[in-house]
Amino acid sequence: MSKILITGGTGLVGSSLEFDNCVKLSSKDCDLRDTQQTYKLFESLKPDKVIHCAAKVGGVLSNMAYKGDYYHDNIMINTNVLEASRRVGVKRVLSFLSTCVFPKDIDYPLTEDKMHDGAPHEAHYPYAYAKRMLDIQSRAYREQYGCDFISVIPVNLYGPNDNFNLENSHVAPALIRKCYEAKINNTPFVVWGTGKPYREFIYIKDIAKLTAWTLENYQDKGPLIFTSSIETSINELVEIIAKCFSFDGKIVFDKSMPDGQYRKPSSNKKLLSHIPDFEFTSLEDGIAETCEWFQKKYETVRK
Ligand code: GDP
């Protein structure tokens with residue numbers, strides 16, 4: 001049975017993945033920014049397959065405040081993980097990118113082949129370029145060394161085990177926490193920006209299924225976008241979350257906070273050409289499950 005190594009094993013994606021013979025790494029096991037530590041770890045574990053989820057990730061404000069860290073940490077982690085995988089002969093690496101990699105000014109919908117066709121949005125360009133390089137490194141290693149390194153591009157993820165820190169989390173977990181705390185404290189529910197931008201969301205349980213399928217079955221070389229292609233405005237997301245917590249207090253839009261990119265609709269044509277009958281969890285169901293989980297685990301969630 002293949003031995004699967006999952007980097008970022010305690011993060012939102014990593015903790016959702018289940019395989020029989022698998023090792024989940026956290027930053028406590030190895031600092032993947034450190035080249036020698038990474039090589040040593042891969043030499044001792046000698047995995048057959050790697051699912052590379054580890055990254056320095058965060059929401060729009062954190063990306064703008066810590067540009068150097070986002071660039072450096074991600075470039076180092078990615079370079080080290082792919083090179084270590086090549087050195088120990090890993091048979092397949094599946095790396096997670098993000099839709100942030102796509103150009104800011106580009107015809108919609110986003111498709112896999114448009115990744116490098118223009119500069120990314122300035123709010124997250126260091127992270128975006130570092131992630132783009134995962135695609136470049138995978139392609140270069142495939143062409144020079146014949147490495148079977150692939151990548152997937154999920155849209156905005158959400159679900160249990162997310163990071164609920166208000167400074168550096170993404171919109172769904174941030175709003176779940178803010179709404180819940182507004183409800184219990186009888187205070188306003190504060191949303192960043194105008195509420196007008198659109199995003200596509202994918203539930204982490206769908207990601208787990210799609211990742212397992214892709215690792216075993218995907219025979220293409222290029223990246224694959226994971227999305228239902230359904231756009232939801234931040235306003236609609238706010239309403240769904242408010243309904244889950246039966247919140248009927250005041251909702252405030254803090255327009256001093258950034259909106260980031262207005263929309264980034266992406267195509268699931270390629271995904272559905274591989275898995276035509278995949279059934280996505282609706283945003284209402286996924287958010288309801290996540291809110292329930294959050295409420296139960298409130299004292300111990302990452303925040
Ligand atoms: P993005 O998809 O990379 O832009 O990252 P985010 O998930 O951080 O933000 C998506 C959208 O949600 C942006 O338009 C934010 O302004 C908006 N948003 C509204 N409230 C919040 C919040 O409390 N936290 C975050 N991170 N975003 C918020």
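Which residues are buried in α7? I started my notebook with that. The model is predicted, and I kept that in mind throughout.

**Entry 1: helix α7**

I looked along α7 and found Ile234, Leu237, Val238, Ile240, Ile241 and Ala242 buried. I then asked what covers the buried residues of α7. The cover includes the helices α5 (171–185) and α9. It also includes the strands β7 (189–192), β8 (198–203), β10 (231–233) and β11 (251–254). Past the helix I checked serine 246, which follows α7. Its phi is positive, near 45 degrees.

I picked out glutamate 284, which lies in helix α9. Its relative accessible area is 46%, so I logged glutamate 284 as partly exposed.

**Entry 2: a nonpolar patch**

Next I looked for nonpolar surface. Tyr71, Tyr125, Tyr129, Met133 and Ile136 make up a patch there. Together they have about 430 Å² of accessible area. Which helix gives the most to this patch? I found that α4 (residues 125–145) does, with four residues. Tyrosine 71 belongs to helix α3 (residues 67–87). I read 40% relative accessibility for tyrosine 71, so this residue counts as partly exposed.

Is histidine 52 buried or exposed? Its relative accessible area is 1%, so I wrote down buried, the cut-off being under 20%. Histidine 52 lies in strand β3 (residues 49–52). I set aside its neighbours within four places in sequence and listed its contacts. Among them are Thr7, Ile77, Val81, Phe96 and Leu134.

I then went to leucine 32, in the loop between β2 (22–24) and α1 (35–45). With neighbours within four places left out, leucine 32 is in contact with Thr7, Thr38, Ala54, Met76, Ile77, Asn80 and Val81. Lysine 296 is 264 residues from leucine 32 along the chain, and their C-alpha atoms are separated by 33 Å.

**Entry 3: leucine 61**

I found leucine 61 in helix α2 (residues 60–65). Its relative accessible area is 30%, so I recorded leucine 61 as partly exposed. Which residues does leucine 61 touch, not counting those up to four places away in sequence? I noted Glu167, Trp192, Met257 and Pro258. From leucine 61 to threonine 290 I read 23 Å, C-alpha to C-alpha. The two are 229 residues apart in sequence.

**Entry 4: backbone in the loops**

I ended with backbone angles. Where is proline 109 found? I placed this residue in the loop between β4 (92–96) and α4. The peptide bond from tyrosine 108 to proline 109 is cis, with omega near 0 degrees.

Asparagine 161 is not a glycine, yet I read a positive phi of about 70 degrees. I located asparagine 161 in the loop between β6 (156–158) and α5. With a relative accessible area of 35%, asparagine 161 is partly exposed.

Asparagine 186 is not a glycine either, and its phi is positive at about 60 degrees. I placed asparagine 186 in the loop between α5 and β7. At 73% relative accessibility, asparagine 186 went down as exposed, because the cut-off for that is over 50%.

How values were computed:
Residues are numbered from 1 along each chain as its sequence is written. This is a predicted model: local features need pLDDT of at least 70, side-chain atom pairs count only at pLDDT 80 or more; totals for chains, interfaces and linings use all residues. Side-chain values use heavy atoms; hydrogens and water are left out. Helices (H or I, at least four residues) and strands (E, at least two) are DSSP runs, numbered from the N terminus. Contact means heavy atoms within 4.5 Å. Buried means under 20% relative accessible area, exposed over 50%, partly exposed in between (1.4 Å probe, protein chains only). Patches are made of residues with over 30% relative accessible area and no salt bridge: like charges are joined within 9 Å, nonpolar side chains (Val, Leu, Ile, Met, Phe, Trp, Tyr) within 5 Å. Accessible areas come from the Shrake-Rupley method with a 1.4 Å probe; for residues, only the protein chains shown count as cover. A salt bridge is a side-chain nitrogen of Lys or Arg within 4 Å of a carboxyl oxygen of Asp or Glu.
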